[in-house]
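Biologist: Before we discuss this model, please show me the sequence and the structure. I will then ask how each label was reached.

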Amino acid sequence: MGSYMIGLDQSTQGTKAILFNDLGNIVYKHARSHTQLINDQGWVSHDLDEIYGNVIQLINDLVEHSHVPVRDIAGVGISVQRETAAAWARDTGNSLANAIVWQDARAAAITDQLTDAADKVKAKTGLLLSPYFTAAKFAWLLQNVPAVKQAADTGNLCLGTMDSWLLYRLTRGQAFKTEPSNASRTQLLNIHTVAWDAQLCQLFGVPQDALAAVVSSNALFGETTFDGIFPQPIPIHCMLGDSQAALYGHGCTAPGDVKATIGTGSSVMMNIGDQPIQSADVVASIGWRINGRTAYVAEGNINYAGAVIKWLTEDVQLIQSAAEAEPLARQAVAADQTYLIPAFSGLGAPYWDATATATLTGMTRTTGRAEIIRAALDSIAYQISDILVAIDQKAGQPTTLKVDGGVTANSYLMQFLSNIANVTVSVPDIEELSAFGVAYCAGRALTVYGQLKLNTVLNYHHYQNAIDDDQRQNLLAGWHRAVRGVCHEEAAPRNHNNRHQDNLMTAAKS
């Protein structure tokens, strides 16, 4: 048995391959981006074959440059972007269409026709009826791509999320499987039975026989040589959605543990134990199913988090790189009250207004470049704070918020998040928590990590609240006024009064 594990993280912007040793430390990492295919209607797609090619190239580079003998690599865990829809031919493994990315809302007309079933969908899946989730995307592919419909008619269709697609290709069609963290985000899985739901499949017009088998998150999914790079196949022994993988990687295995993954968007997720807790403002999903035990999560998703910084860089060109955002934000006039509402593709949790539009508000003569940049960073923290309130109302008060993602390197933002949410923010010494989570999970299944505990691997830097309650309430009041200005009345933030905010969280000792 080898003593190294590969964590493969296939995300929205690119794919990372990271090699961890038997102490959980990174010994090699490399990333490759893929093309964001965006048409004039705003549809967002990915080329499945490009992504698979990147995976193979990354593994080839890892073997060539890590200086770790292939025989010492025990196995691999895979984390993936969630809700993205893929379709391919069962007989050849060839993709039948570009993947429809989670951000893409082209299937809105399909969910609009199903509104009478929204309560039933929510009761079974824990999810609000939305084109954000995969089922409507599958339905769109079946209705609009002739090759997909033909494959369905002949029983030759595979539909899946990115985990199933990569597994199928890596095992050369020998394994067509998924697991509950990804399956629960499709809007086709009954989270109570942890099985595909025939009524939901019929509702969306998705043939159930085109879906992957659902197995445990730490199952032996199959074996791969990565298209001949390895002389002998190695086991794929964990797959998870990227957000759940990060939750697991942080060691958030007890009810009440909460983290925020701040990537292109952001996922704020709390472990809520062995029973799903339904809420109007956040969704319930499955965190993982490991060794026969299912852990559920409450989650709120933000459409624009790190993508706001990309907007500053590429679209309005206020900065040349993300690294410039922090020093400029610190230069902003303290009394300036500019707010950016980053509703470039509507607002997600807890506002749930797909028609909201982005705006800058509260500008005065003091507002300039630095103030707009600060407002953009602050918008990430405000959205996370509002989700924490919504989760808190159903699942109890967390004492600390663990965070991951590239944006966590911005110490201004991390401090402001601690201030506005009134909670300790803990940043680990590695950013790649999704890859770490699946590598650790797979490594536990393969006994590479034995009794190695996560708290002995990760080191955290803690940010503590540094403002008083009056200042916090004034900032939040301005933010909520700004949100109400772009939302329909029924979508405006709920239950964000001062009394509730007073009791939001108790800062933990670092």
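Modeller: Start with a definition: a charge sits over a ring if NZ of Lys or CZ of Arg is within 6 Å of the ring centre and within 35 degrees of the ring normal. The model is predicted, so local features need pLDDT of at least 70 and side-chain atom pairs count only at pLDDT 80 or more, while totals for chains, interfaces and linings use all residues. Residues are numbered from 1 along each chain as its sequence is written, and side-chain values use heavy atoms, with hydrogens and water left out.

Biologist: What is the distance from the charged end of Arg106 to the ring centre of Trp140?

Modeller: The distance is 4.7 Å, and the charged end of Arg106 sits over the ring of Trp140. Arg169 likewise lies over the face of Tyr52, 4.2 Å from the ring centre.

Biologist: Why is the pair of Tyr248 and Tyr440 called tilted?

Modeller: Rings of Phe, Tyr and Trp (its six-membered ring) pair if their centres lie within 6.5 Å; planes under 30 degrees apart are stacked, over 60 edge-to-face, and the rest tilted. The whole structure has 19 aromatic pairs. For Tyr248 and Tyr440 the centres are 6.1 Å apart and the planes at 45°, so the pair is tilted. Tyr248 is in helix α9 (residues 242-249) and Tyr440 in helix α14 (residues 433-445), so the pair ties together parts 192 residues apart in sequence. Helices (H or I, at least four residues) and strands (E, at least two) are DSSP runs, numbered from the N terminus.

Biologist: What makes Tyr382 and Phe416 an edge-to-face pair?

Modeller: Their centres are 5.4 Å apart and their planes at 85°. Tyr382 in helix α12 (residues 369-395) and Phe416 in helix α13 (residues 411-421) are 34 residues apart.

Biologist: How do you know whether Tyr440 is buried or exposed?

Modeller: Buried means under 20% relative accessible area, exposed over 50%, and partly exposed in between (1.4 Å probe, protein chains only). Tyr440 has 4%, so Tyr440 counts as buried. Tyr248 at 11% is buried too, as are Tyr382 at 2% and Phe416 at 10%.

Biologist: Why is strand β15 called mostly covered?

Modeller: In β15 (residues 234-241), 8 of its 8 residues are buried.

Biologist: What makes β6 and β15 a pair?

Modeller: Two strands pair if DSSP finds at least two bridges between them. Strand β6 (residues 73-80) has 5 bridges to β15 and runs parallel to it, with Ile78 opposite Met239. Strand β14 (residues 222-224) has 3 bridges to β15 and runs antiparallel; there Gly222 is the bridge partner of Ile236.
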